[in-house]
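Hello,

I'm handing over the structure we talked about, so that you can look through it yourself. Below it you'll find some notes on what turned up.

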Amino acid sequence: MAREKILIIDFGSQYNQLIARKVRELNVFCEILPPDFPVESIDPAEIKGIILSGGPASVYSKAAPRCDERIFSLGIPIMGICYGMQLMSKMLGGDVAKSHQREYGRAPLTVTDHKLLFKDVPKASVSWMSHGDKVRRMPKGFIRIARSPNTSIAAFADFKRNFFGVQFHPEVAHTQAGKTIIRNFVRLVCRCRGDWSMKSFINETVADIRAAAGPDRVILGLSGGVDSSVAAVLINKAIGRRLVCIFVDNGLLRKDEGKAVKELFQKHFKLNLHCIDASKEFLNNLSGVIEPEKKRKIIGRTFIKVFDREAKSIGRVKYLAQGTLYPDLIESRSVFGGPSATIKTHHNVGGLPKKMNLKLIEPLKYLFKDEVRKVGRELDMPPDVLGRHPFPGPGLAVRILGEVTKERCDILREVDDRFISTLKRENLYDKIWQAFAVLLPVKSVGVMGDERTYENVVAIRAVTSVDGMTADWARIPYDILGKISNRIINEVKGVNRVAYDISSKPPSTIEWE
Ligand code: XMP
């Protein structure tokens, strides 16, 4: 049976990933493509429908993105959303009214035709609008199927060709009938079966990896984080010991991290895992360095060197596997850049594939984070690995303000351990997006027993967030903050003061450096 797929053509709306999420919740695979994708690259037999997304442009502006008009003659159902509807109207011979004023927010929607797209949608409901232009005259063959006070053609349809357009955003939670509308498009109009699941994803991906890698070896840098861990277990399922995982201990890891990685991946999952203790090399290179970006560069360069050295010792390798996720892929090729594009550049320990001349295998590149976790669960990976907070590549180096030394790493490891274990004990860990401790380059006066002390100050940071782009400080109850502070000061030698970071991002960042 052919795989079924919905294509989403990306005209730059901030809601595009939401469309993809909604389609996938219906167990239908979908892919987001840029407007200029070559039509001949798709297999019409597997494409059940196309969604033209919203976007910030006006169809009249010079830079307005367009798609290949051949998509309208493939015999595949199409739904245009907002800009997508206007573009469809313009390309098929309708007329779009130029407007200088945006309509933004909730708008009452009145459905005038309940067939197919609006089946089971109430006559009156609330929709979410965000547009300047609107359709003034429909292309030939279309009829109006909904209106709103400000937009007389709030939705249109050509029932013969199965083309639909909606001026509002069905993918946004504020559109009351949004879910029903997307389900109707996917199920009733496109007739998707909805049999895509994490199990089927795993089976297909395992077959794809086997076919791609053939008899060759694949290497993967395993960090112990969710993405590289799931990628490793998945690829191991496909090619077993031909996957060589490299775990680099850079001396900047959390307490017992290396031990846990060996235990789980070498002993339990039986991965072909090479663990390299390069902590001395990293700490040597970092000696005397204070400036955060310099630390990052040194760590990135050292990582590439260590990894490269180990890869060469393995013998012939053709592929490099990475745990790239879908949002990274979409953002990195987005025509409009997106705010994250610049913020994230320093986050990748980049340069590996280019330098080593390896082909990439990225088995998770079409998945969102929560889908990766589902794949992990399906592969019987333990919940504490799948639910792990993000941890930056440069590790504790960007959480030790000032010079990074082994002694300071050891202090911070203990502090972090007391903080995180208390959050887990109090059932707060899973409610927080990321939590960690920071070692400050100042000392403070304290008293312990009858003694005056002059010791380190640490800050603890816990944030709530959806994607790390924005974040708020977590409202941890005072009594739990008290417990955390007591444990740290009583149990970690060299620390006599704990401060809680109450800044949000923006204007602060999550990490201190
Ligand atoms: P910021 O501090 O920029 O962090 O608000 C946002 C998210 O990115 C992580 N982060 C990094 N991850 N290398 C990484 O792999 C880095 O250099 C880096 N800097 C920040 C940070 O932990 C948070 O999750």
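Strand 1, residues 5–9, is largely enclosed by the rest of the structure, because 5 of its 5 residues are buried; buried here means under 20% relative accessible area. Please keep in mind that this is a predicted model. The strand is covered on both faces: Lys-5, Leu-7 and Ile-9 are buried on one side, and Ile-6 and Ile-8 are buried on the other.

What does strand 1 pair with? One partner is strand 3 (residues 47–52), in the parallel sense and over 5 bridges. Within that pairing, Leu-7 has Ile-50 as its bridge partner. Strand 2 (residues 29–33) also pairs with strand 1 in the parallel sense, over 5 bridges, and there Leu-7 stands opposite Glu-31. To get from strand 1 to strand 2, the chain passes through helix 1 (residues 16–25), and this β-α-β crossover is right-handed.

**The ligand**

Some distances to oxygen atoms of the ligand are worth a look on your screen:

- Glu-511: 2.5 Å from an N or O atom in its side chain
- Ile-510: 2.7 Å from a polar backbone atom
- Gln-434: 2.8 Å from a polar side-chain atom

On its own, the ligand has 490 Å² of accessible area, and the protein covers 88% of that.

Best wishes

Technical notes: Residues numbered from 1 in each chain as written. Predicted model: local features only at pLDDT ≥ 70, side-chain atom pairs only at ≥ 80, totals over all residues. Heavy atoms only, no water. Buried < 20%, exposed > 50% of the residue type's maximum accessible area, 1.4 Å probe, protein only. Helix = DSSP H or I, 4+ residues; strand = E, 2+ residues; numbered from the N terminus. Pairing = 2+ DSSP bridges. Right-handed = clockwise from strand over helix to strand, strands pointing away. Polar contact = N/O pair within 3.5 Å; in protein donor to acceptor, adjacent residues only side chain to side chain. Areas by Shrake-Rupley, 256 points an atom, 1.4 Å probe, with all protein chains shown as cover.
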